[in-house]
Amino acid sequence: MKKQLLSLVVLGMAISTCAPVYAEETKDIAVLYTNDIHCAVSADEENGRLGYAAVAGLKTELADAGYDVILVDAGDAIQGEAIGTLSQGSYLVDIMEKTGYDVAIPGNHEFDYGMDNFLALAEEAQYEYISCNFTDLTTGETVFPAYTIRELGGRKVAFVGICTPRTITSSTPAYFQDEDGNYIYGFQQDEDGSAVYASVQKAVDDAKAEGAEIVIAIAHLGIESACSPWMSTEVIANTTGIDVMLDGHSHSTIEGEQVKNKDGENVLLTSTGTKLSAIGQLTIAADGTISSQLVTDYDNADADVESCVAEITAEFEEVLNEVVAKSDVDLVINDPSSLDKEEKIRIIRNAETNLGDLCADAYRYVSGADIALVNGGGIRVDILAGDITYNDIISVHPFGNELCMVEATGQQVLDALELGAMVTPEESGGFLQVSGLTYEIHTDIESSVQLDENGMFTGVDGEYRVQNVMVGEEPLDLEATYTVASHNYMLKNAGDGMTMFQDCELILEDVMLDNQVLITYITEGMDGVVGEQYADPYGEGRIVAVEAE
């Protein structure tokens, strides 16, 4: 991309907001932003990934063109593929440093390798982590600075970090607790969102009192209804003083939308999607005009970053490329009708899929349990027909969760299914793929699931959406006891808010990594080949959505 052409694209594709802000000796500012990269470190034209070398290349090109440039990330960078899992995120920090990041915030998946691990990575990182609501509850102080102010283009620009309180349930809740189960870290969560709004407002006001002329929120909040009351749009609507919000978490692609704040003023909201399908570019012109665009086609990659990524990936490439099994069918988390499209439609979090069936069957096969449950949010990528490598398996299950089994009542199983189906047909990471049972979701019945201020399940106060649950050929007996297999994230650590299993007796504890469970089932249970049993991408009919006539 030529420098002059880039400048024209910035102006031509711009979406402007906010009144001009003037200062002496100002020049154009470029804020490059990314979110939800999930370890997509290398360029991949087939899958529309630009890679970190392109980010570094664009940063250099803009600087050479006269822009004052800063590079920021809105979370979920260090988890999602084998390079993250095998290094506990450290390789990703190395690559981000080489790319030239200046500021970042933690997404919910930054914590997936444990709190101590992430805090150590954050301390060692050469870029700065910020968050106005990630709090050490033992001191009442934020773990990182609430904001940072940078001198850019002759102006003071403040960056305010905001983390989703959903982090507690969408990572591992135990990581935020002490040995006695008391929460020692939090995100200013409450029932109506007011605590987060207040934390954001204080950070904005403090930054302005310190001289900030422009305030940019770097947020990992999302726009899905399941993120409420902390959706980025809700935070904007309940605060004042933010000029731009760079958002993440829901993997939304938003080039630039105007959202009204508490005073009815426009705030620019933008997000880059996921897996580096785009690089966000926020431009603050010399006259103070603010605009945004998403760069989706860029090939002037930085050679040093390319070399850094190549050296790191070479260290474990041989292991990753080892073929461990085969599949005769496509195994999907996305709607098959969208597999060949640029924008895939993810269904694993609101409907049954054949890969969901396979993963749940693997837990039941290895454990010998009556029932197996696997959260849709823990099944991350498709496996297409052909050879299956270790990389494929670890990409499906990148979290390093471990197989556990408990004895649970039928009522506890029903409550888990109900919580998982709470927002169906909207997405939920806690939506349960199952083995050993079938169930219906009556979507016309409004959910009456009750949650506490941390998003943890406390009960159901009305009619259940989940009905006609069958264990094998028999109806689920609410008083009976069943063996239930899943992973430590759900059964021990109340992941996705699944508190109903906390007092259950553990029969098996941390016996095998989740990806090894899947490999074992395919290699031993199916002699190394996933066959026609899983041919239907929409599964075997274990989960049926029932709508009102």
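How many residues line the second largest pocket, and which of them lie nearest its centre?

Mentor: Just so you know, this is a predicted model, where local features need pLDDT of at least 70 and side-chain atom pairs count only at pLDDT 80 or more, while totals for chains, interfaces and linings use all residues. Numbering starts from 1 along each chain as its sequence is written, and side-chain values use heavy atoms, with hydrogens and water left out.

Now, your pocket (an open set of 1 Å grid points where a 1.4 Å probe fits, with protein on both sides within 12 Å along at least five of seven lines; lining residues have an atom within 4 Å of a point). The second largest pocket has 46 lining residues, and Arg-166, Thr-169, Ala-226, Ser-428 and Gly-429 sit nearest its centre. Two elements each give two or more residues to that lining: helix H6 (167-170) and helix H13 (410-420). Helices here are DSSP runs of H or I with at least four residues, strands are E runs of at least two, and both are numbered from the N terminus. The space in the pocket comes to about 940 Å³, counted as what probe spheres set on the points would fill. Sorted by class, the lining has 21 polar, 13 charged and 12 nonpolar residues.

Most peptide bonds are trans, and most residues other than glycine have a negative phi. On the phi side, Asp-36 is not a glycine, yet has a positive phi of about 50 degrees. You'll find Asp-36 in the loop between strand S1 (29-34) and helix H2.

That brings us to H2 itself. In H2, Tyr-52, Val-55, Ala-56 and Lys-59 meet Leu-92, Ile-95, Met-96 and Thr-99 of H4, where meeting is having heavy atoms within 4.5 Å. Six of the residues in this contact are nonpolar, one is polar and one is charged. H4 also meets H9: Tyr-91, Asp-94, Ile-95, Lys-98 and Thr-99 in H4 touch Asp-304, Val-305, Cys-308, Val-309 and Ile-312 in H9.

Terms used. Ala, Val, Leu, Ile, Met, Phe, Trp, Tyr, Cys and Pro count as nonpolar, Asp, Glu, Lys and Arg as charged, and the others, Gly among them, as polar.
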